[in-house]
Amino acid sequence: MWEVMLQEFELHNHFWTTWMYGRRQLWAQAFFGDVHMAGMRSTQRSESMNNFVKDTLGAGKKKMVDIVPQMDRAHMRLRNNQVRDDFNTMNSFPVIETHLEDLEGHAASTYTYDVYKWVKKEIMKEKFLVTKGFQTAAEDDHSVHKMVNFKRQQYVHEVVYYHGRLTTDEEALEEAVLPPIMVCTCNMFQYKGVPCRHMFMLMKQENMSKIPRSLIIKRWTRNTGSVCDIEYPDGQNMDKETLEVSRFGALTGDCNRMCSYASKTTKGYSMLKKEIARLTALIEGLVKDSEQVHVCDPQPERTGCVIRDPVVVKKKGNQNQETGRRPITCSYCMGAGHNIQSCGERKEKEKEAAAQQSVGEDNPPSVSTPAKKVYYCDKCNGPGHTVRSCKNAPAPSNSE
């Protein structure tokens, strides 16, 4: 097809097409079809996340105070989708619709809901295949089966089948040291991680009621959570604070599913509340005993970096800048920290004025307000006015 495109558009001497053909191993799916990529394209994950962020934030410029809450809500939606998929997988069972009921039922009870839909499509496409023949080799006990699609027999796929140690007992088959192995030339199992339609046709010919264990990737199964379990260290090489944060995260993740189930029924809710109260009292006693035993232990040196929640800030801008209300200033003595009603100097003068008035003085000093500043005129040196309001200043002459 590449040669046909070059001849049709006359691109034999084009620089870009020659350069891209030399790098075909990096972008052409035919060259990395045997690499497990979970069915994703090379840039699918990054482009999908970019589109998600773009739809969340929208167009135009935004402030940081608006972006952070929107991203928090976007993360909550992603986590909610994951929890919803886990709930549908663990608490639902799909309806069997294909002609291979046993194999589809085993796939529905083994894979997650989304992966089961991939497997179901391949089972439905199996009915369009036709067997073209097979060859058996006696030296290593394997056989090669050739299959073609109905009305499209130019595309031939081969499935190499290693029988392993087969028995009639299904329990013995599950405990076999060498389970059956299938390898198809379409490379769908290597690329996507699920059996292809050609493998399901071979399973039908071999009268299998279950998918072989060699064709089941644990990452796609219902108990996929055990694949990502983290074994936390015993604390010998970690400081106390880092170890406590790690244990808290592990226990929180384990309790989420239990709380989700208990909230569905009243009996489960009451039972879990009682057990939580009992266990809380028990663990609290263990912590107190441990603190009494290790009260003299020195504080271990911090060797790790603990990521905590950010400090709540109630104001914006520079944190070192001292902002707030202006300090209270007295209008009588101009002192800070009090007002005219609580001014000590004013109260002392009021006491003196009251004492002088009781003695009989005619003009006791006024203490209600301090003395006002006296202004003097620059022309006549008279008090109580300025040059602009002076009556003795000469009138301005009109010069021609």
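Author: What follows takes a few terms one by one.

This is a predicted model, in which local features need pLDDT of at least 70, side-chain atom pairs count only at pLDDT 80 or more, and totals for chains, interfaces and linings use all residues. Residues are numbered from 1 along each chain as its sequence is written, and side-chain values use heavy atoms, with hydrogens and water left out.

Reader: Why is the pair of W118 and W220 called edge-to-face?

Author: Rings of Phe, Tyr and Trp (its six-membered ring) pair if their centres lie within 6.5 Å; planes under 30 degrees apart count as stacked, over 60 as edge-to-face and the rest as tilted. The centres of W118 and W220 are 6.0 Å apart and the planes stand at 80°, so the pair is edge-to-face.

Reader: Why is the contact between D114 and K117 called a salt bridge?

Author: The term requires a side-chain nitrogen of Lys or Arg within 4 Å of a carboxyl oxygen of Asp or Glu. The closest N and O atoms of D114 and K117 are 3.7 Å apart, and the two form a salt bridge.

Reader: How exposed are D114 and K117?

Author: D114, at 39% relative accessibility, counts as partly exposed, and K117, at 38%, is partly exposed.

Technical notes:
Buried < 20%, exposed > 50% of the residue type's maximum accessible area, 1.4 Å probe, protein only.
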